[in-house]
Amino acid sequence: DDFRMNIAIDGPAGAGKSTVARKVAEQLGYVYIDTGAMYRAVTLGAQRASITPDQPTMLAELVRSMKIELAPGKEGQSVFVNGEDVTLQIRSREVTLQVSHIAANETVREVLGQMQRNLAARKGVVMDGRDIGSNVLPEAELKIYLTATVKERALRRYREIEGSQNVTLEQLEKEIAERDNLDEQREISPLICASDAVVLDSTGMTIEEVIRAIVQLSRTKLAEAK
Ligand code: CDP
Ligand code: CDP
């Protein structure tokens, strides 16, 4: 009865991956790992050290020197870099606008990918990102590709910030489309739907409906494994 699996949830920005992955992990008693937060942490580090995406050697050195830790927090997951809590800082607009450029770096992907595989080695992990099912955990027992129309995803993000940042819905939609494009077009482990992933289009679905669908799929997998 102690069979545990790994669940990979990939998809574009604002599809609901982190919201849903956290709840699914909670319901299954699994550990949730937000890999986007790791790319954001490296981006914050690069910005603080004034390293730009066109300085691959320095970026490689930086990522190798960073100690990134994830810990369950009150609202989702807390992120620490070399002992400093950067949970809030990594969500800034500055980081969001640059993260896809930093995430295209080969060494950054290699180092973070290895950390992610280590975190999932003992199974019982729900991991969300862009390349989890396709690259990080190709053996994951359940792979979900969670998506929604770009309009819907922009609207979700817009509701989230609710006037706290000086940005229009149109601008958000453009930025999200740009980030999707960068993530899909990069050479190394791009955002892609793994051939054995279950595609879930969450446009018009509530969060609860998405959670239920994924938990259902995981229970089916667990039953099959017995
Ligand atoms: O939550 P949001 O959709 O804004 O993005 P995120 O999951 O925090 O990821 C931020 C960025 O990190 C993505 O746009 C990708 O450029 C990068 N990322 C990646 O390259 N590979 C992953 N497995 C996860 C994130
Ligand atoms: O991690 P990812 O970028 O894929 O999405 P997220 O950070 O979980 O953000 C999705 C936003 O859309 C959150 O504010 C959710 O409350 C909301 N939402 C959702 O996740 N799923 C739905 N079916 C409807 C709304």
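Helices (H or I, at least four residues) and strands (E, at least two) are here DSSP runs, numbered from the N terminus. The structure is a predicted model, in which local features need a pLDDT of at least 70 and side-chain atom pairs count only at pLDDT 80 or more, whereas totals for chains, interfaces and linings use all residues. Residues are numbered from 1 along each chain as its sequence is written, and chains are lettered from A and ligands numbered from 1 in the order in which they are written.

The pLDDT, which is the predictor's confidence in each residue on a scale from 0 to 100, averages 96 over the protein chain, with 99% of the residues scoring at least 70. The model as a whole scores ipTM 0.97 and pTM 0.97.

The protein chain has nine helices and eight strands. Its radius of gyration, taken over C-alpha atoms, is 17 Å, close to the 17 Å that the globule rule (2.2 Å times the number of residues to the power 0.38) gives for 226 residues, so the chain is as compact as a globular protein of that length. Along the principal axes, the C-alpha trace spans about 50 × 40 × 35 Å.

A residue is called buried if 20 or more other C-beta atoms, placed from the backbone, lie within 10 Å of its own, exposed if 12 or fewer do, and partly exposed in between; by this criterion 39% of the 226 residues are buried. With contact meaning C-beta atoms, placed from the backbone, within 7 Å, Ile144 touches Ala8, Ile9, Ala197, Val198, Leu200 and Ile214, if residues up to four places away in sequence are not counted.

A UniProt record (unreviewed entry) places the feature "binding site" at positions including Gly16 and Ser18, although such annotations may be inferred rather than shown by experiment. Gly16 lies in the loop between strand 1 (6-10) and helix 1 (17-28) and is buried, because 23 other C-beta atoms lie within 10 Å. Leaving aside neighbours within four places in sequence, Gly16 is in contact with Leu146, Ser202, Ile207 and Val210. Ser18, by contrast, is found in helix 1 and counts as partly exposed, because it has 19 C-beta neighbours inside 10 Å; with the neighbours within four places in sequence again left aside, Ser18 is in contact with Asp34, Gly76 and Asp128.

How values were computed:
Contact = placed C-beta atoms within 7 Å.
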